[in-house]
Amino acid sequence: MPSKDLDLMRQLALAAIVLASTATSLAAQTTLIRGARVFDGVSVIGKRDVMIVGGKISAIALTLSAPSGANVVDGTGKTLLPGLIDSHTHAFGDALVQALMFGVTTEIDMFTEVGEAKRMRDQQQAGPVLDRADLVSAGTLVTAPKGHGTEYGMAIPTISSPDSAQVFVDARIAEGSDFIKIVYDDGAAYGTKIPTITPATLRAVIAAAHVRGKLAVVHVGQAAFAREAIEAGADGLVHLFTDRAAAADFGTLAASRKAFVIPTLTVLTSITGKPGAGDLFADSVLTPFLSLAGRGTIRSAFPFPQGATGRSLEPGRGAVKQLLAAGVPILAGTDAPNPGTAHGIAIHKELELLVNAGLTNTQALAAATGNPAKAFRLADRGRIAAGLRADLLLVDGDPTTNIKATRAIAGIWRNGIRVDRDAYARRLAPIIAAEGTPISGPISSFDDGTTKSAFGTGWSVTTDAMAGGKSTTTMKVADGGANGSAKSLAINGDIVGPLPFAWGGVMFMPGSQPMGAANLSAANGIEFWARGDGKTYRLMLFAQSRGMTPVTRDFVAGSEWKHVSIPFSAFDGLDGKGVLGIAFTGGPTPGSFTLQIDEVVLR
């Protein structure tokens, strides 16, 4: 259930911190990890020496001799695990770099932009990628017109009837989808109503995926829909639910259909109104490696209206116990970067929540290593065995007795090359410090005849074109401003339907890089002057804590200049921290518009 405007989020890549590619020949690298407790992806095999040669595990034994020139790592008191696999994410921007910093060496992506997915797959096929986690992706999800997945500002194909299922699935495979992800969710569990595919279409899409030898996994939001998906032949569920307890035979039903389940307890916690992995932000061992975007999302939660009922983590926890008792494979997935999560770091919370739901520590570790590798047919990873790729995680202590030990990362290897986490943290620190400085004061007056701003990266046009819309906008500095000033910013456009979220206008980005976060908490809110054609306009605030879904407030621009002041608290209680963009837009009502703004200030 991604909660991102994907096209905008891709711009975060401009602020990504990417590790320098190693100049060392992969084939020449030999590493011996000596005397570590080994969890092989299924069980603990005890203290072993593990040899890595040319990016692969070459030998495992009680004692191995170190070849001349080998890197020798002392594993005494430590545990060696396969690189972790997060089985439910949405990967864009610097997501895969972030994931690797926390020991996640593969992400199973449930919906991202297909062009970006192709680029990453091409890199992976060309040779070992050392500076980020690997991507395995569904590409474009399968959803109904205006269904879940269509709201994030990226135009995607949708399906309306079962008779088009095979053509639709074949098109996804042609785009590169590694598996097929289906949305079967009407939004009722979250207090809303959205279109979803019919049961007949659900069955047809699953069958079409199976005809082509592809896995078909299903996003659900309710217990009843989870049952229907399994009965329809789904290979896996990519969420559990918060609405009500599962029927007593839910676990045995899933087992009889040989389905696997990704509970995503971290994000289910966020759906109940509590930041799922928010407590990890206080962990000083982890936060030096947490990006700006991650710092915002991990401390947030999904809105939970006052007085609302019917959302609880207990149905999900109860379902996990049933599934576990029935022998259903459980996979660890976080749904990063939704509220209450962040790439990489959140998997460590998911492991804790799985243990709290009834898994043993070793079962939880298998849920993030061997189980997803088997379920998603990734034969070269998820295990520590001779001949497999050397994606490895070394941690201090023993996570088989204390699951939180996975957070004490002592080393990460990607294709046999050790990841330099400290270099990443050093590069990240000044960016975090700079972006955290509170800002207030004037933004732009436009009196110099330009769109320059006192801070940030200035003003730009924003429209729904990124979502396949046809709205248009132009901006220019015009003569005549508020209070007799010389200039103002004139915004003209045409809002064209039928997109329900159609928009056109201008955006100011306050960070030091495009869509970089800024701390505006030194101000109480946004003030500006506006005049226009008498229509209602929207002030849109993009913040990390809202996962790129803007919070909007309306204002009316009449023929005379009018002072407008909107406190941050009016934006669903935002405090001005982690702001990515401030947009002044027309829409969604169709038609042309004329708007001028001036003297834009944070005060």
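1. Ala425 has a relative accessibility of 15% and therefore counts as buried, the term covering residues under 20% relative accessible area, with exposed meaning over 50% and partly exposed in between (1.4 Å probe, protein chains only). The model is a predicted one, in which local features need pLDDT of at least 70 and side-chain atom pairs count only at pLDDT 80 or more, while totals for chains, interfaces and linings use all residues. Residues are numbered from 1 along each chain as its sequence is written, and side-chain values use heavy atoms, with hydrogens and water left out.

2. Ala425 belongs to helix α14, where helices (H or I, at least four residues) and strands (E, at least two) are DSSP runs numbered from the N terminus. With residues up to four places away in sequence not counted, Ala425 touches Pro288 and Phe289, contact being heavy atoms within 4.5 Å. Between Ala425 and Phe289 the sequence separation is 136 residues, yet their C-alpha atoms are 5.4 Å apart in space.

3. Helix α14 (421-435) is also one of the elements, with α9 (292-297), that give two or more residues to the lining of the second largest pocket. On a 1 Å grid over the protein atoms alone, a pocket is an open set of points with protein on both sides within 12 Å along at least five of seven lines, a cavity is a set of points where a 1.4 Å probe fits but cannot get out, and lining residues have an atom within 4 Å of a point. This pocket has a volume of about 440 Å³, a volume being the space filled by probe spheres set on the points, which are joined across faces, edges and corners. Of its 19 lining residues, the closest to the centre are Gly296, Arg299, Gln544, Lys577 and Gly578, and the largest share, 3 residues, comes from α9.

4. The search of the whole structure finds 3 cavities of 30 Å³ or more, and the second largest cavity holds about 100 Å³ of space. Among the 12 residues that line this cavity, Asp94, Ser291, Ala293, Pro337 and His343 are the closest to its centre. Helices α2 and α9 are the elements that give two or more residues to the lining, with α9 giving the most, 3 residues.

5. The largest nonpolar core has 92 residues, and those with the most contacts inside it are Ile182, Val218, Leu240 and Phe250; such a core is a set of buried Ala, Val, Leu, Ile, Met, Phe, Trp, Tyr and Cys residues joined through side-chain atoms within 4.5 Å. Helix α2 (residues 95-101) supplies the largest share of this core, 6 residues. Leaving aside neighbours within four places in sequence, Val218 is in contact with residues including Ile182, Tyr184, Leu202 and Ile206. A second, separate core of 36 residues includes Ile495, Ala502, Phe508 and Ala557.

6. In helix α4 (residues 165-175), the residues Ala165, Phe168, Val169 and Arg172 are buried. Seen down the axis of α4, these buried residues fall within an arc of 95°, so they line one face of the helix, the arc being that of the directions from the helix axis to the C-beta atoms. Val167 and Ala174 are exposed on the face of α4 turned away from its buried side, whereas the cover over the buried residues includes β9 (180-183) and α5 (199-211). Just after α4, Gly176 takes a positive phi of about 115°.
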